[in-house]
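Okay, thanks everyone for coming. Have a look at the model on the screen, and I'll talk you through a few spots.

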Amino acid sequence: QVQLVESGGGLVQPGGSLRLSCAASGRIAGINSLGWYRQTPGTQRALVATMTSGGSAKYEDSVKGRFVISRDNAKNTVDLQMNSLKPEDTALYFCYAGILDPAQGVMEYFGQGTQVTVAS
C-alpha cells in the first residue's frame, strides 16, 4: 500500500500564500511523479502541478507564475508553494503519486485531501 499524508491547508485572504506538504510512504519503489490535484464540488479532480523524479515540472495554466512545486526524492516528499492566491483557488487539494509497476504500468494514488479556502 501507498500512504500519502498532506498538511498545510487552511483559510487565507486573497493575495496571500500557503504551503502544502505531502509525505509518501509504503510501497513506493518506482515512484515517478509526485504532485497535487484539486477538486471543487461538482467537478472532477484536476491536475495542479506535478514533478517527475528527474525534476521536470508541469503546471495547470491558471497557476503558472503563482505556484511552485518542489520535491525531495530522498525523503519522498513534495511541497506546493502557493502565492497570490485567488478565490478560485479554493478547493480540496490532493497529494498525488504516480508509481511505475513493471506488470501493471503506472499506478496512481491520491491522499485524503486538505482544504484550501481563499476568502476575505
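So, N76 sits in the loop between β7 and β8, and β8 covers 77-82. When I say strand, I mean a DSSP run of E with at least two residues, numbered from the N terminus. Keep in mind that this is a predicted model, where local features need pLDDT of at least 70, side-chain atom pairs count only at pLDDT 80 or more, and totals for chains, interfaces and linings use all residues. Residues are numbered from 1 along each chain as its sequence is written, and side-chain values use heavy atoms, with hydrogens and water left out.

Back to N76: its phi is positive, about 55°, although N76 is not a glycine. Is N76 buried or exposed? It's buried, at a relative accessible area of 18%; buried means under 20%, exposed over 50%, and partly exposed in between, with a 1.4 Å probe and protein chains only.

There's another one like that. S84, also not a glycine, has a positive phi of about 50°. You'll find S84 in the loop between β8 and β9 (91-101), and S84 is partly exposed at 40% relative accessibility.

Now the sheet. Four strands make up an open sheet, ordered β1-β3-β8-β7, with antiparallel pairing; two strands pair if DSSP finds at least two bridges between them. β1 (2-7) and β7 (67-72) are at the edges with a single partner strand each, so one side of each has no neighbour in the sheet.
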